[in-house]
Number of protein chains: 2
Amino acid sequence: MKDWTNMKIALLGYGTVGRGVDKIIGERVDDVEVSRILELPDRLSDPRMTSEYEDIVSDPEIGIVVECMGGIEPAHAFIMRALEAGKHVVTSNKAVVAAHFAEFAACALEHGVSLFIEASVGGGIPWIAGIEKARRVDEVTSFSGIMNGTTNYIVYAMLKDGADFGEVLAEAQSLGYAERDPSADIDGIDVKNKTIITASVAFDVACEKDIPVSGIRNLTKADLDLFGERGLTVKLLGRGVQQDSRYAVAVEPVAVPLDSLEANVPGNFNLVTLDATTVGELKFYGQGAGSLPTGNAIVQDVLDCVRGTRAPEYDFSRGLAYDPELLRASYVIRAAHAPAGSEPYVEGAWLVRDVTAADARALLDEALKTDPAAFMASLA
Amino acid sequence: MKDWTNMKIALLGYGTVGRGVDKIIGERVDDVEVSRILELPDRLSDPRMTSEYEDIVSDPEIGIVVECMGGIEPAHAFIMRALEAGKHVVTSNKAVVAAHFAEFAACALEHGVSLFIEASVGGGIPWIAGIEKARRVDEVTSFSGIMNGTTNYIVYAMLKDGADFGEVLAEAQSLGYAERDPSADIDGIDVKNKTIITASVAFDVACEKDIPVSGIRNLTKADLDLFGERGLTVKLLGRGVQQDSRYAVAVEPVAVPLDSLEANVPGNFNLVTLDATTVGELKFYGQGAGSLPTGNAIVQDVLDCVRGTRAPEYDFSRGLAYDPELLRASYVIRAAHAPAGSEPYVEGAWLVRDVTAADARALLDEALKTDPAAFMASLA
């Protein structure tokens, strides 16, 4: 790496995260300067701003491109061009990393630069670096976590205030915790992206993208009461497991014990867990989103890059096989009709024993055909 | 730093931790070799072993001395000699670091080597490195944590099984979680050492050693029931706070909400929390002791040293002032007589409002004179 005494970086995007990065670097970091910012033509409010990506990617003084635009394109194209131009890339964009991780990783390797993705999962939590550190010594055998603050805010408020889904979602929207179109959060798409990224880093594999995903859109107060009577509550978890050169991942509501750490994660916080050979179980908790926490994760990546303390190299050539059989559990399905192979659980809900996450998702799809309000949760 | 392709290290001590380090390096790390082990003369069971420290400290091939003997002397003298000989030191010994941190740090700085202490607090949890990382960007404004697995095992079992202190302690002793003489754990001495180390790293100060420390020796099932009726349970916490160039630390039982993460930390696990300027609240959870988790922390330090990814420099010249006024709370004291300035709380227990941790500890000392079974907990 070049010896940078005052590393110049460019920000792509100046929304919540971009502004957080600019503020933190401006106020708290001496050896890094945000010299250019890519913005839309009608928003060029700062002399550092340009609407031409060419100004940034062709600027030889810029060593790191920080992408915090979100979305797939043009983020994907911009990241590729930055890597090809020999610039390190730091990104908070889980959608584009989940979609193109292997392509980015290969391009970074080819051009002798690094891709830093800490901010794409778990906001300010040192999760990606934590996994990478664990893997220096151990195999990561499994991971799981509350990776989406919006849905945790919803289920926690439902549990604590006894409110129903719709009320809490409306409140979360008014507080800015949930989008006007909350689908990406409540249907598990955001967690899916973060789970794919986590699995890629934890298991060193270009993670399968066609994975079982269920959300909490249909979760009701009555569902929580049903589980509550059994000492359980529901959390939306992303998880993965590896064993004997095979791995599996899934995103789904999970019924966890009320006295687990997961059950007690409040508000919009995240809690992510890894299990590794010698260190055992490690959990990391913190703000999974927000201008300063996510900005902090980006700045930490920038500092690792500038100071040479971390230079992630993702090489997915290990060839782990995706095997849905590795993730089996029993499931409770609340639906108008009994799913195939189920037995009665309580009035209006059925238990399906020992099926894969993928098969459970197929049973839920079937149930949704006749009952669009059907809900499913895994029994841990 | 020298460029080591196959770094040779020496272990001082071959107990639980030393054996864990040797096993992990032997099985999982290619670029490091345990070439010498210091053991007692009657235990030289391995060709690498010697009972002469001179053999180790004068060996030019050894770049890192890993001290896992425990105790103050000769660990202190051995660490100083290693640093003076230009060897990096990695240690899991909280007692010696808490007692001599500033002396070690100055000596390491003077001889251009590093002191690595991850394993001295929180076992396999990346706590010390996590604080150091946070401090690259932020001020750490406060920390707190369950730092002792033995006492957490005891209070958790008392809460869950409704057992009394003595029974659970005996069980913990039979499982090897508690020492035959459990004083260092149940009187808070172990947590005191870890709190002093944490404060030194978090606040960049040679931490005051004369700090308020109370333990859980006198905690009864009735105490837990009393707090339980108020939605609280008791955990032994080490904590610290800094503000306006001043800081304070304390170790004491704290009544935490039953639905907090702290209350739900099971068995002998640890949970440590920091609060920092931009990243906000971060919590780290894991095994705080044990051969492999603590061995893992040591091996991670060794790898940081060998690969140059971390080179801790502790410089305590910042001169923060110790100010007990920064840690104020209300306290419940269960004792035969009403403490000065207290009001009735429930039958046999009193509430003292808004006093410093130091003043509360003085009130407990007074109460213990007439009631050797008196117990005190802070209300968060």
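Biologist: Which residues gather in a patch of negative charge on the surface?
Modeller: The model is predicted, so local features need pLDDT of at least 70 and side-chain atom pairs count only at pLDDT 80 or more, while totals for chains, interfaces and linings use all residues. Residues are numbered from 1 along each chain as written, chains are lettered from A and ligands numbered from 1 in written order, and side-chain values use heavy atoms, without hydrogens and water. A patch takes residues with over 30% relative accessible area and no salt bridge, joining like charges within 9 Å and nonpolar side chains (Val, Leu, Ile, Met, Phe, Trp, Tyr) within 5 Å. The residues of this negative patch are A:Asp161, A:Asp164, A:Glu167 and A:Glu171.

Biologist: Is A:Asp161 buried or exposed?
Modeller: A:Asp161 belongs to helix α6, residues 149-161 of chain A, where a helix is a DSSP run (H or I) of at least four residues and a strand (E) one of at least two. Buried means under 20% relative accessible area, exposed over 50%, and partly exposed in between, with a 1.4 Å probe and protein chains only. Because its relative accessible area is 57%, A:Asp161 is exposed.

Biologist: Which residues does B:Ser35 touch, leaving out those up to four places away in sequence?
Modeller: B:Ser35 sits in strand β2 (residues 32-38) of chain B, and its relative accessibility of 13% is why it counts as buried. With contact taken as heavy atoms within 4.5 Å, B:Ser35 touches B:Lys8, B:Ile9, B:Arg48 and B:Ile62.

Biologist: How many residues apart are A:Glu252 and A:Arg239?
Modeller: These two form a salt bridge with their closest N and O atoms 2.9 Å apart, the term meaning a side-chain nitrogen of Lys or Arg within 4 Å of a carboxyl oxygen of Asp or Glu. The pair links strand β9 (residues 246-257), which holds A:Glu252, with strand β8 (residues 232-243), which holds A:Arg239, and the distance in the chain is 13 residues.

Biologist: How many residues apart in sequence are the parts that B:Arg217 and B:Asp187 tie together?
Modeller: Their side chains meet in a salt bridge at 2.8 Å, N to O. B:Arg217 lies in the loop between α9 (189-203) and α10 (221-228) of chain B, and B:Asp187 in the loop between α8 (183-186) and α9, so the separation is 30 residues.

Biologist: Is B:Lys283 buried or exposed?
Modeller: The side chain of B:Lys283 meets that of B:Glu262 in a salt bridge of 2.6 Å, N to O. B:Lys283 is in strand β11 (residues 280-287), and B:Glu262 is in the loop between β9 (246-257) and β10 (269-276) of chain B. B:Glu262 is buried at a relative accessible area of 11%, and because its relative accessibility is 8%, B:Lys283 also counts as buried.

Key. Areas by Shrake-Rupley, 256 points an atom, 1.4 Å probe, with all protein chains shown as cover. Lys, Arg positive; Asp, Glu negative; His and termini not counted. Charge placed at Lys NZ, Arg CZ, Asp CG, Glu CD.
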